[in-house]
Amino acid sequence: MMIRFAILPLLLALNFSMCKKQPAVTEKPQPGGTSSPAAAAIAAASVAAASPKITKPVVDQTAQTLIFCYHRLVDKVRYPGTEITPAAFEAQMKELKDKGVTVISMQDLLAWKRGEKNIPPRCAVITFDDGWKSQYEVAWPIMKKFGYPFTLFIYTEGVRGGSLGGGEAITWEQLADLRDNGVDIQAHTATHQDLREGHNVMVIEPGGKRTRKKLTGADYEKWVQNEVVGCKELLEQRLGIKTNCFAVPFGNYNEHVKELARNAGYEAMFTVYGQPITFTSPMDSIGRYAIEANKPKVFADAVNMIGTSTGGGTAVAEIGPKDLTTQPADGETVRTALPLIKANLSSVGQIEPGTVQMRVSGLGLVPANYDPKTGIVSYQVPQKLRDKSCTVIVSAKSAGKKVETHWTFGIEESAPTAASSPAAAAKK
């Protein structure tokens, strides 16, 4: 009995000591097992103090870049529209360096467009289309010499072993080697043809037989899905990569093609119309300067444009063609090579009349008419447009700020010219 009375005071003392160590303020559990707002605030503050604050960089939205598009490098040029000599190509790469133009990667460009990183104020992106072996054997050593990154847009049936891949085509092994050395590889359809419905296309039958036919309805949708989605899946499976860019053959597209590309998971779609790329340029129609042996002035003019830019210039507001009434409409195909080109700028705001300019691919700056009362700028093409697609660029100033829009339309040819581009044929 005496032992029990001796132990009892000791237990009481220990219990009192433990109670003193509890916090002065305790929070009772809330119904459902949740803590009170006060406790949640304390916990959040504790986590915030322990975690570093992540902030997005402030990017220069007035920067601009150019994208160049090359095809095949050959010593003897037979197709000047898609070929250039190695010497001329190396001279152009050297000119970029000499004029202080930084060559950046395609993925850096896209990161800038997403607002994730800055790009130099004077920069360019180099791309190659189709998948010729000269891009691996000739262009790559030159690019390594200058330390330039670049992107390949590949049409999958044109790779060696494909239905269109002959002896001049790049191989899957060469593509894997390029991939392993940091080269960006992206999609350029399966068979490199006009993707718009209603055109005659070459269809590869089982067994490799080729036939030309006009696909419509369900047959067209099945074919175009393979062109836009199938090529992406094959590149990703064969090379273990992620493709987020899609280059449209010949620059021909419409809203349906854009929708297919978006649904396929492409972040950006590329065409050819030769224009500086700004922070606000639409991601579904990013233009590139196509470099051709018979048009050396294209490269010179582009370099002079970007070479004189020092960054921090006047920002350009991009206006989508869907916000204007254009003639022909964006993505439309016309049946005349002498079209009347029009755009209604009345929705843009107060336009300064003397600042309105129109450029037409293949013609350059044209003497367009602008009517301040209606807001319509127009130009009747006086000479036949030679290419099967045409891009129009209209710029002006509104309230002291430069605004710009561009759109592309197709021209129905009277007869097919299959030999006009080696890219659309088998790589023999």
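**Figure 1. The protein chain as a whole.** Let us start with the overall picture before moving in. This predicted model has a protein chain with nine helices and 22 strands. Of its 428 residues, 45% count as buried.

**Figure 2. Helix α5 meets helix α6.** Here is the pair from the opening question. Helix α5 covers residues 133-146 and helix α6 covers residues 172-180; their axes are 9 Å apart, and the packing angle is about 40°. On the α5 side, the contact is made by K133, Y136, E137 and W140, while α6 brings Q174, D177 and L178. Sorted by class, this contact of α5 with α6 holds three nonpolar, one polar and three charged residues.

**Figure 3. Helix α6 meets helix α7.** Now follow α6 to another partner, helix α7, which spans residues 217-239. The two helices pack at an angle of about 75°, and 10 Å separates their axes. That makes α6 roughly perpendicular to α7. W172, L175, A176 and R179 of α6 meet L234, L235, R238 and L239 of α7. Which classes of residue make up the contact of α6 with α7? The residues divide into six nonpolar, no polar and two charged.

Figure 4. Is helix α4 largely enclosed or largely open? Six of the eight residues of α4 (residues 106-113) are buried, so this helix is largely enclosed by the rest of the structure. To find them in the model, look for M106, L109, L110, A111, W112 and K113. These buried residues pack against strands β1 (64-70), β5 (122-130), β6 (151-154), β7 (184-187), β10 (245-247) and β11 (268-270). Just after α4 comes G115, with a positive phi of about 80°.

Figure 5. Two backbone angles deserve a look here. Most residues other than glycine have a negative phi. T189, in the loop between β7 and β8, has a positive phi of about 75° although it is not a glycine. H192 lies in the loop between β7 and β8 as well, and its phi is also positive, at about 60°, although H192 is not a glycine. Are these residues buried or exposed? T189 is buried, with a relative accessible area of 0%, and H192 counts as buried at 3% relative accessibility.

Figure 6. At 5% relative accessibility, R196 counts as buried, because the cut-off for buried is under 20%. Which side chains make polar contacts with the side chain of R196? One of them is the side chain of D194, at 2.7 Å. Another polar contact, of 2.6 Å, joins the side chains of R196 and T333. Leaving aside residues up to four places away in sequence, R196 touches Y220, N252, Y253, N254, G331, E332, T333 and G410.

**Figure 7. The peptide bond between Q327 and P328.** Most peptide bonds are trans. Q327 and P328, however, are joined by a cis peptide bond, with omega at about -10°. You will find P328 in the loop between β14 (326-327) and β15 (333-334).

**Figure 8. A88 in helix α3.** For a last stop, turn to helix α3 (residues 86-98), which contains A88. At 28% relative accessibility, A88 counts as partly exposed. How far apart are the C-alpha atoms of A88 and L73? They are separated by 9.2 Å, and the two residues are 15 residues apart along the chain.

Key:
Residues are numbered from 1 along each chain as its sequence is written. This is a predicted model: local features need pLDDT of at least 70, side-chain atom pairs count only at pLDDT 80 or more; totals for chains, interfaces and linings use all residues. Side-chain values use heavy atoms; hydrogens and water are left out. Axes are lines fitted to C-alpha atoms, for helices over the stretch in contact, and angles run from 0 to 180 degrees between N-to-C directions. Helices (H or I, at least four residues) and strands (E, at least two) are DSSP runs, numbered from the N terminus. Contact means heavy atoms within 4.5 Å. Ala, Val, Leu, Ile, Met, Phe, Trp, Tyr, Cys and Pro count as nonpolar, Asp, Glu, Lys and Arg as charged, and the others, Gly among them, as polar. Buried means under 20% relative accessible area, exposed over 50%, partly exposed in between (1.4 Å probe, protein chains only). A polar contact is a pair of N or O atoms within 3.5 Å; within protein, one must be able to donate a hydrogen and the other to accept it, and residues adjacent in sequence count only if both atoms are side-chain atoms. Angles under 35 degrees count as roughly parallel, over 145 as roughly antiparallel, 65 to 115 as roughly perpendicular and the rest as oblique.
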